[in-house]
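Here's a quick tour for anyone meeting this structure for the first time. Have a look at it, then read on.

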Amino acid sequence: MDWVRHLRRNVFLYRRGLGAHIRSTMEYEADFWVLIFASVLMQVVGLVFLWAVFRRIPDINGWAYWDIVMIYAMVFFAEGIGSLFFEGTWRLAWLVNQGELDRYLVRPFSPVLQVMSGEVGVNGLGNIVLGTILIATAAGHVDVRWTLGRVLLAAVLLASAVVIKLSINLATNASAFWLASPFSTFAFAMHSLGDLARYPITIYSLGIRALITAAIPFAFISFFPAAAILHRGPTWWIGLLTPAVAAYCLFVATAIFRRGLRRYDSAGA
Amino acid sequence: MTGDRTPVPAHGSVHVPVTGLRATGSNAPGSNAPGSNAYRPPWRAYRALSSTALKSVLAYRFQFFMALMGNTFLVLTMLYLWRTILASGAQAGFSWPQMKAYLLVSFVANTIVSGLTEWRMAARIRDGMVAIDLTKPIDYQRARFAEAVGFAAFEYFTGTVLVLIALLVFGGVPVPHGLHLLLFAVSIVLVLPLRFSLVYATALLCFWTQNYMGINWARLAITNLMSGALVPLPFFPGWLQLLGKALPFQGMAYTPAMLYLDRFSNRDAVLAVLVQLAWSIALWFGAAAAWRAASRRLTVHGG
């Protein structure tokens, strides 16, 4: 039962790390509300855009309005979890550039967990709430029969999608070990690449589809799992592979982080 | 609330008398200064700021291009999306070649006054370096505008190059003629002061909040929607179109894109540019008023 104790200790430390950051964030209460408002506003604007487009057309390659709302909502939810619980990932570039990672390495707690719990993105709260509401609303509007099996499938695929999003965040931010820039601009650029997967990927050319399916599997955060849950298109079954893709991404991301950590030689004084 | 965000001069903070400094900058050089030959003509100072800004963006090319990616992926998504939607025929009077042109023009417009101006301003306000900017005998807003002009030289250039690449991939677009080409040229240049004033005024909010990210997101969201960068205003329902026409955002993408498409009558085209010009002037003075309010809140930590 050693691993159980190990896991409990890690969860305990992770929660303590986040808790400290939540308290420090709440010191700036105005900022808290600005961030929540802004993140919700961004998502609402995305929905207004969708709605304006769908006033004119019935569907995009067989995907109706609420189908795409479902995709959007899954992305909001995954990004929300990433921001609220794992925002520290985005500070990695700064930690590496400034040599502040040194402090993490001398503590008896996994460096990657310390990095990830090193910040709280309260904006994630808005995204999780809005994402959940939208998933529930879209579930009521899409043309699907919700059996118990389908609900379970949706839960498993959504959880896998979250893991993929977190893994991509970790992997792209770990580029900091090689790029040595103090800003995570590369990771942000990759993050915005993910916006392509908010629409049915059948609209793209083969090259782009391959890029967001195989190279950086953004399509497995949103499009493929949604296709499997909603049973849309001839290739809906690819979405069933989402848990396997999640396991693979988690493995690759942690491997990249470890390799990077081996390269890390602190900052010159 | 913590004390370090409220201006409390007694606790090691220095309150900079901003108005005095501004007076020096806004007066004609040498008109009231005894050692008048110590002053450089301000326009040379502003020109120097522009060229330094251009050099700095050339030096940090990688950062610039990575930051540009967000916009690029957005326009790429929109191009594919609209190609699919319009494959079965025009919508709201937009055919696929027209929509392509619309999206590419609004992409260039959206690239002007990118993150460079605002993040630098936000960072300097938050860490107090803005106090050093204030000691310089030049107007703060004009100085930031001069920098934005320097950045814009590079932004217009890269925007155009990316558009040419997109044209190779997605095929050609119609080109405007005569008066409309001229008005389009004026309009795309007017995007610069218009966007600058908005970005400048929002960056000033850093005098009130520590976290600029939220403000930046909110502005991006509203601008992208109401400027017509995501979807042309005619796709909106009537009330939202009216709102769009009443706000300054349309001049940041919709106006130049529609002028490029030759979608306005001659009279409406001239009127659209005049509205854009009027908003540019109004927002410039609005931003100046915002600065007067904001700089009074300046707290600089000793240390």
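**A first look**

Start with A:Val69: leaving out residues up to four places away in sequence, A:Val69 touches A:Leu47, A:Leu50, A:Leu134 and A:Ala138. Touching, or being in contact, is when the C-beta atoms of two residues, placed from the backbone, lie within 7 Å. A word on the source: this is a predicted model, where local features need pLDDT of at least 70 and side-chain atom pairs count only at pLDDT 80 or more, while totals for chains, interfaces and linings use all residues. Residues are numbered from 1 along each chain as its sequence is written, and chains are lettered from A and ligands numbered from 1 in the order in which they are written.

**The nonpolar core**

- A:Val69 turns up again with A:Met74: these two touch the most other members of the largest nonpolar core, which has 167 residues.
- A nonpolar core here is a set of buried Ala, Val, Leu, Ile, Met, Phe, Trp, Tyr and Cys residues joined through C-beta atoms within 7 Å.
- Buried means that 20 or more other C-beta atoms lie within 10 Å of a residue's own; exposed means 12 or fewer, and partly exposed is in between, with C-beta atoms placed from the backbone.
- α3(A) gives the most to this core, with 15 residues.
- In soluble globular proteins, nonpolar side chains tend to be buried together.

**Chain A overall**

- Chain A has 13 helices and zero strands.
- Along the principal axes, the C-alpha atoms of chain A fill a box of roughly 60 × 40 × 40 Å.
- Of the 269 residues in chain A, 44% are buried.
- Take the contacts in chain A between residues at least 6 apart in sequence: 80% of them join residues at least 24 apart.

**Where chains A and B meet**

- The contact takes 32 residues from chain A and 30 residues from chain B.
- On the chain A side, α2 (29-54) and α10 (185-193) each supply at least two residues, and α2(A) brings the largest share, 14 residues.
- That side of chain A divides into 24 nonpolar, four polar and four charged residues. Nonpolar covers Ala, Val, Leu, Ile, Met, Phe, Trp, Tyr, Cys and Pro; charged covers Asp, Glu, Lys and Arg; the others, Gly among them, are polar.
- The buried residues of α10(A) include A:Phe186, A:Met190 and A:Leu193. Their cover includes α8 (148-173) and α9 (176-179) of chain A, together with α3 (61-86) of chain B.

**Two loop residues to look up**

- Most residues other than glycine have a negative phi.
- A:Asn61 has a positive phi, near 45°, and is found in the loop between α2 and α3 (65-86) of chain A. A:Asn61 counts as partly exposed because it has 14 C-beta neighbours inside 10 Å.
- A:His231 also has a positive phi, of about 60°, and is found in the loop between α12 (223-230) and α13 (242-263) of chain A.

How values were computed
Helices (H or I, at least four residues) and strands (E, at least two) are DSSP runs, numbered from the N terminus.
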